[in-house]
Amino acid sequence: MNTAMKLKKKIESCELPHPHFADLNRALQLRISDACDGAESRIEWVVGPSRAGKSMMIRTLARANPEIKVDGKRRVPVLVVPIPPNISPVLMPASVLMALQVPIPRLGLTSGVMFNRMVDQLRLAQTRVIIFEEASHLVEAGARVPPRAAGDWFKSTADNLNLTLILVGVPRLQKLFESNEQFRLRASAKRELRPYDIRDFSQKMAFGACVGTYADMFEQDGWPIDLSLDDLVDQLYLLSGGLVGVVSRFMQELASQLRGRAQGPVTFEDCRMAAATIESAGHLDYPAFTTQNVSSTALASAHGCVMESNLMSLPQTIEGGQ
């Protein structure tokens, strides 16, 4: 494997514990610890745009709470359950059983029978927390489980086993809670994994630290990026609108296109070509790496585009701005 591909692999495996992520991870880990200590059931929900770091957060929580074996029996304190698109009432408990690696009964069983089997298996595994990944699939167009019924299902699951549930998805997940008042009132306040707002000085510094970490990886491997850090931060903010996952994707593509080249400076044109290969999250009127000078209007538009497309509100005022 050549140097460029080794760099790409290193970027792919890099999980940046940036401040938004670290704060949310600490809060959810506290809920998990409470549940494992026998606390009452809680319903938590986390929303954020694609590429904001939700999947990384789930992986981090799962690694911190791994399954174990006690006297030869599996104990799964924290179970991650992906919710597929167009899931049916029968497949709701089936998804949990598949995540537990339990054989699925033959076809033709009712959702009630499947639910009871799921409850039995969760008790055997001594599961205390279930993290539902991509829970927003339940409120997409064409969903086969009505949102109100889905809320009742989650509530029943939590009540039957005194479980803590963590639902994770894009911001439209809010429709699930709006459709079922009892479910909404049982849940904690919404938690958000938001893109960085460059108008806030502390957030600008945090975003810049993420970009700087990746830039250092290039330099250490013999590929220094031939832009100042400030200029690189501005260009990548145009591309990402503050989403760190988009920055990671750009860096992977940049490393990939260096294959077959001798080590040396990475140019503005190299960056432009890499940016052209990925989907920008920013504003179409202000593409990244097309001009050297980036205006504050362009930066604000990139962030506003991400927020608007994900139905997330912008703060009225910015604290700590320059």
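1. Pairing of β5 with β6. In this predicted model, I130 stands opposite L165 in β6. The chain passes from β5 through helix α6 (residues 147-161) to β6, and this β-α-β crossover is right-handed. A further position on the two strands can be located in the structure: V129 stands opposite T164 in β6. Strand β6 covers residues 164-169, and its pairing with β5 is parallel, over 4 bridges.

2. Pairing of β5 with β4. Strand β4 (residues 78-82) also pairs with β5 in the parallel sense, here over 5 bridges. V78 has V129 as its bridge partner in β5.

3. The strands belong to an open sheet of 5 strands with parallel pairing, in the order β4-β5-β6-β1-β7. Its edge strands are β4 and β7 (191-192), each of which pairs on one side only.

4. Burial of β5. How many of the 5 residues of strand β5 are buried? The number is 5 of the 5 in residues 129-133, so the strand is largely enclosed by the rest of the structure. In a regular strand the side chains alternate between the two faces of the sheet. In β5, V129, I131 and E133 point one way, whereas I130 and F132 point the other way, and all are buried.

5. Helix α3 against the sheet. The buried residues of α3 (54-64) are K54, M56, M57, I58, T60 and L61. An α-helix has 3.6 residues a turn, so residues three or four places apart point the same way. The buried residues of α3 pack against α2 (19-36) and against the strands β1, β4, β5 and β6.

6. The largest nonpolar core. This core has 62 residues, of which F218, I225, F250, M251 and F289 touch the most other members. Helix α9 (residues 201-220) gives the most to the core, with 8 residues. At least three residues are drawn from each of domain 1 (40-192) and domain 2 (197-308). Beyond its neighbours within four places in sequence, F218 is in contact with L7, I11, W223, P224, I225, M251, L254, A255, L258 and V266. Another core, of 40 residues, lies apart from it; A94, L100, I130 and V139 are among its members.

7. The position of L236. L236 is in helix α10 (residues 229-240). Is L236 buried or exposed? With 0% relative accessibility, which is under the 20% limit for a buried residue, L236 counts as buried. Neighbours within four places in sequence aside, its contacts are F207, V211, G241, V247, F250, M251 and F289. L236 and E44 are 192 residues apart along the chain, and their C-alpha atoms are separated by 32 Å.

8. F289, a positive phi in a buried residue. F289 lies in the loop between α12 (268-275) and α13 (296-309). Its phi is near 60°, a positive value in a residue other than glycine. At 0% relative accessibility, F289 counts as buried. F289 is also one of the contacts of L236.

9. R51 is found in the loop between β1 (43-47) and α3. Although R51 is not a glycine, it has a positive phi of about 75°. Its relative accessible area of 43% falls between the 20% and 50% limits, so R51 is partly exposed.

10. The two domains. The domain assignment of the chain gives domain 1 (40-192) and domain 2 (197-308). What separation do the centres of domain 1 and domain 2 have, taken over C-alpha atoms? The centres are separated by 35 Å. Contact between the domains involves 4 residues of domain 1 and 6 residues of domain 2.

11. The area between the domains. The size of an interface is often given as the accessible area lost when the parts come together. Between domain 1 and domain 2 the buried area is about 350 Å², of which carbon and sulfur atoms give 61%. On the side of domain 1, P49, R51 and A52 supply 94% of the area buried against domain 2, more than any other three residues.

Notes:
Residues numbered from 1 in each chain as written. Predicted model: local features only at pLDDT ≥ 70, side-chain atom pairs only at ≥ 80, totals over all residues. Heavy atoms only, no water. Buried < 20%, exposed > 50% of the residue type's maximum accessible area, 1.4 Å probe, protein only. Pairing = 2+ DSSP bridges. Right-handed = clockwise from strand over helix to strand, strands pointing away. Core = buried A, V, L, I, M, F, W, Y, C linked by side-chain atoms within 4.5 Å. Domains from an automatic or database assignment. Contact = heavy atoms within 4.5 Å. Buried area = accessible area lost by both parts, 1.4 Å probe.
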